[in-house]
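I opened this notebook to record what I looked up in one structure. The entries are brief and follow the order in which I worked.

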Amino acid sequence: MIGRQECPCGTGQPYDACCGRLHRGEAVAATAEELMRSRYAAHVVGDGDHLFRTWHPRTRPDDTDPDPRVRWTGLEVLAASEDGDRAVVEFRAHHEGGVMHEVSRFERRAGRWVYVDGDVR
Ligand SMILES: [Zn+2]
């Protein structure tokens, strides 16, 4: 079990105490960056339900299950800023064979941050 291992999102915390809480629905992300980290970690652990729940209904695809063929190897958050109920997080998500560099937009709806969309750099 991944529970006590270091969280894949890179905070250095155990998974259970970091993104695991959000994946299990025991806590909601306090910031857009925390949500973004939990979405990256959801790709690593294969939690499509978490991706579904944290995706804006307007932009959400029908199938949010992560591609199991992609092996994620690390996350770098480059910048994060919030302005009221909107936020932007820039990150690099490393995987075997490449890196995904994205500026993601988030929105707070009914007190919960959700992913809206992003621009790949
Ligand atoms: Zn985490």
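**Entry 1. The model and the chain**

I noted at the outset that this is a predicted model. I then looked up the secondary structure and found three helices and four strands in the chain. Read from the N terminus, the elements follow the order α-α-α-β-β-β-β. I next asked how the radius of gyration compares with the globule rule. The chain has a radius of gyration of 13 Å, close to the 14 Å that the rule gives for 121 residues, so the chain is as compact as a globular protein of that length. For the extent of the C-alpha trace along its principal axes, I recorded about 35 × 30 × 30 Å. I also recorded that 31% of the 121 residues count as buried. For the contacts between residues at least 6 apart in sequence, I found that 34% join residues at least 24 apart.

**Entry 2. The sheet**

I asked in what order the four strands of the sheet lie. They form an open sheet in the order β1-β2-β3-β4, and the pairing is antiparallel. The edges are taken by β1 and β4 (112-120); each has a single partner strand, so one side of each is left without a neighbour in the sheet. From one strand to the next, I noted a twist that averages 25°. I then looked for a helix against the sheet and found α2 (residues 32-45), which packs on it and touches β1, β2, β3 and β4. The direction of α2 makes about 160° with that of β1.

**Entry 3. Pairs and hairpins**

I went through the strand pairs in turn.

- β1 and β2: I found 10 bridges in the antiparallel sense. Within this pair, Ala79 stands opposite Glu90 in β2. Two residues lie between the strands of this hairpin, and Gly84 takes a positive phi near 65°.
- β2 and β3: strand β2 (residues 86-95) runs antiparallel to β3, and 10 bridges join them. I looked up two partners in β3: Arg92 is bridged to His101, and Ala87 to Phe106. The two strands form a hairpin with two residues between them, and in its turn Gly97 has a positive phi of about 95°.
- β3 and β4: eight bridges join this antiparallel pair. Here Glu107 has Val114 in β4 as its bridge partner. This hairpin also has two residues between its strands, and Ala110 in the turn has a positive phi of about 50°.

**Entry 4. The nonpolar core**

I asked which residues of the largest nonpolar core touch the most other members. The core has 24 residues, and those residues are Cys9, Cys19, Ala32, Tyr40, Ala41, Phe106 and Trp113. Two or more residues each are given by α1 (19-23), α2, β2 and β4. The largest share comes from α2, with seven residues.

I then followed Trp113 on its own. Leaving out residues up to four places away in sequence, I found that Trp113 touches Ala29, Ala32, Leu35, Ala87, Phe106 and Arg108.

**Entry 5. Gly74**

I located Gly74 in strand β1 (residues 72-83). Is Gly74 buried, partly exposed or exposed? It has 14 C-beta neighbours inside 10 Å and therefore counts as partly exposed; a buried residue would need 20 or more. Not counting residues up to four places away in sequence, I found Gly74 touching Gly10 and His94. I also looked up the separation of Gly74 and Tyr115: 41 residues in sequence and 20 Å in space, C-alpha to C-alpha.

**Entry 6. Glu102**

I located Glu102 in strand β3 (residues 98-109). With 17 C-beta neighbours inside 10 Å, Glu102 counts as partly exposed. Which residues is Glu102 in contact with, leaving aside its neighbours within four places in sequence? I found Phe91, Gly118, Asp119, Val120 and Arg121. Finally, I looked up Glu102 and Glu90, which are 12 residues apart in sequence and 5.7 Å apart in space, C-alpha to C-alpha.

Terms used
Residues are numbered from 1 along each chain as its sequence is written. This is a predicted model: local features need pLDDT of at least 70, side-chain atom pairs count only at pLDDT 80 or more; totals for chains, interfaces and linings use all residues. A residue is buried if 20 or more other C-beta atoms lie within 10 Å of its own, exposed if 12 or fewer, and partly exposed in between; C-beta atoms are placed from the backbone. Two residues are in contact if their C-beta atoms, placed from the backbone, lie within 7 Å. Two strands pair if DSSP finds at least two bridges between them. Axes are lines fitted to C-alpha atoms, for helices over the stretch in contact, and angles run from 0 to 180 degrees between N-to-C directions. The radius of gyration is taken over C-alpha atoms; the globule rule is 2.2 Å times the number of residues to the power 0.38. A nonpolar core is a set of buried Ala, Val, Leu, Ile, Met, Phe, Trp, Tyr and Cys residues joined through C-beta atoms within 7 Å.
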